[in-house]
Amino acid sequence: MPRGPGSAPPDALQVADRFHLWHGLGRALETCVAAHRECLQTLTPHQPKSASTPQEGAELSGRRTQRKKAAHALVHELLAQGYSRRAIARHLDWSLNTVLRHAGAAHWQDTLRTNRPRPAWLDPYKPYLVRRFAAGCTSVTRLHRELLAENAPVSYQMVRAYVATLRATPLQPPPPPPSVRQVTGWLTRHPRALSEDEHAARKDALARCPELDTAAEHVRGFGEILTNRLGPTLPLPAWIEAVDASQLPGLTDFALHLLRDLDAVAAELTVHWSSGGTEGAVNRIKKIKRQLYDRAGFPLLRKMILLQ
């Protein structure tokens with residue numbers, strides 16, 4: 001007796017589709033990321049650009065350059081003639097330290113002195129002052145009291161001088177926080193498909209939110225189950241139990257939903273059959289229907305499906 005449409009033989013095996021499983025996981029993860037979007041708002045403000053310092057060995061201009069070159073050449077010429085360093089200092093009426101500096105330099109640029117700033121007591125607290133200044137606190141008195149509350153060995157004059165530099169140097173606007181869809185894409189895409197900037201942004205986002213870090217581990221585990229088709233070992237029930245224990249919004253509902261069709265999901269991880277071909281045909285029909293913009297009836301849709 002022929003079976004009607006939509007019926008199936010009693011011994012038919014239902015197999016889930018890998019695409020929809022991963023797509024469902026992505027939508028569940030997007031819900032989880034949206035629930036923790038506040039963690040993505042905490043950004044470290046950029047510090048102001050520091051004034052550029054001249055590099056060692058940089059070319060100088062003017063009379064100083066000529067004097068440096070001539071002095072370096074003269075000292076090395078006298079050394080080649082057999083003069084000692086003390087004899088050169090007496091002959092040129094220079095100090096011994098000046099002669100030693102030119103004699104020990106392979107190039108005349110190496111004789112230039114670089115003014116390196118000495119470490120100050122305020123240096124460890126400058127990032128804190130930058131964050132507070134970017135947050136809108138510009139009162140020197142208040143900032144000084146906050147540092148004293150942390151037992152910082154700084155004076156009022158130190159804080160006032162650094163705040164003056166912050167006011168004179170505009171702060172770079174911080175980049176906007178990543179969107180929920182961006183973070184979801186970083187966690188669901190293969191690590192090899194991410195750029196270096198995306199890797200750094202992904203690491204920063206996970207470091208700010210332990211819940212998202214746990215969600216990333218669950219996504220990676222589910223991806224390994226799908227990719228490696230772990231049918232014989234079937235670690236899916238253990239994965240569902242771990243996700244249920246974490247109580248992450250979106251992911252927990254997705255994991256518990258898999259229990260309803262656990263046999264179909266397990267079959268997808270075991271047998272080589274898949275409903276991917278059927279789903280692809282359905283998507284092709286949906287695409288053709290969208291191209292018609294609902295301006296044609298079923299006969300035209302049927303002809304286009306048969307012709308393509």
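The buried residues of helix H9 are Val180, Val183, Thr184, Gly185, Trp186, Leu187 and Thr188. These make up 7 of the 9 residues of H9, so the helix is largely enclosed by the rest of the structure. The packing partners of the buried residues of H9 are H1, helix H2 (37-41), H10 and H11. The model described here is predicted.

In overall terms, the protein contains 16 helices and 0 strands. Of its 308 residues, 31% are buried. Among contacts with a separation of 6 or more, 67% join residues 24 or more positions apart. The accessible surface of the protein is about 21200 Å², and carbon and sulfur atoms account for 54% of this area.

Helix H13 spans residues 251-260, and its buried residues are Leu251, Thr252, Phe254, Ala255 and Leu258. Viewed down the axis of H13, these buried residues lie within an arc of 165°, so they line one face of the helix. An α-helix has 3.6 residues a turn, so residues three or four places apart point the same way. Asp253 and Arg260, on the other side of H13, are exposed. The buried residues of H13 pack against H1, H11, helix H12 (236-246) and helix H14 (262-268).

The two sets of packing partners are set out below.

| Helix | Buried residues pack against |
|---|---|
| H9 | H1, H2 (37-41), H10, H11 |
| H13 | H1, H11, H12 (236-246), H14 (262-268) |

Helices H1 and H11 are listed as partners of the buried residues of H9 and also as partners of those of H13.

The largest pocket has a volume of about 490 Å³. Its lining comprises 21 residues, of which Trp22, Arg189, His190, Pro191 and Arg220 are the closest to the centre of the pocket. Helix H1 (18-35), helix H9 (180-188), helix H10 (196-208) and helix H11 (210-228) each contribute at least two residues to the lining. The largest share, 9 residues, is supplied by H11. By residue class, the lining of the largest pocket consists of 9 nonpolar, 5 polar and 7 charged residues.

Note on methods:
Residues numbered from 1 in each chain as written. Predicted model: local features only at pLDDT ≥ 70, side-chain atom pairs only at ≥ 80, totals over all residues. Heavy atoms only, no water. 1 Å grid on protein atoms, 1.4 Å probe; cavity = no way out; pocket = protein on both sides within 12 Å on 5 of 7 lines; lining within 4 Å. Points joined across faces, edges and corners; volume = space filled by probe spheres on them. Helix = DSSP H or I, 4+ residues; strand = E, 2+ residues; numbered from the N terminus. Nonpolar A, V, L, I, M, F, W, Y, C, P; charged D, E, K, R; others polar. Buried < 20%, exposed > 50% of the residue type's maximum accessible area, 1.4 Å probe, protein only. Arc of directions from axis to C-beta. Contact = heavy atoms within 4.5 Å. Areas by Shrake-Rupley, 256 points an atom, 1.4 Å probe, with all protein chains shown as cover.
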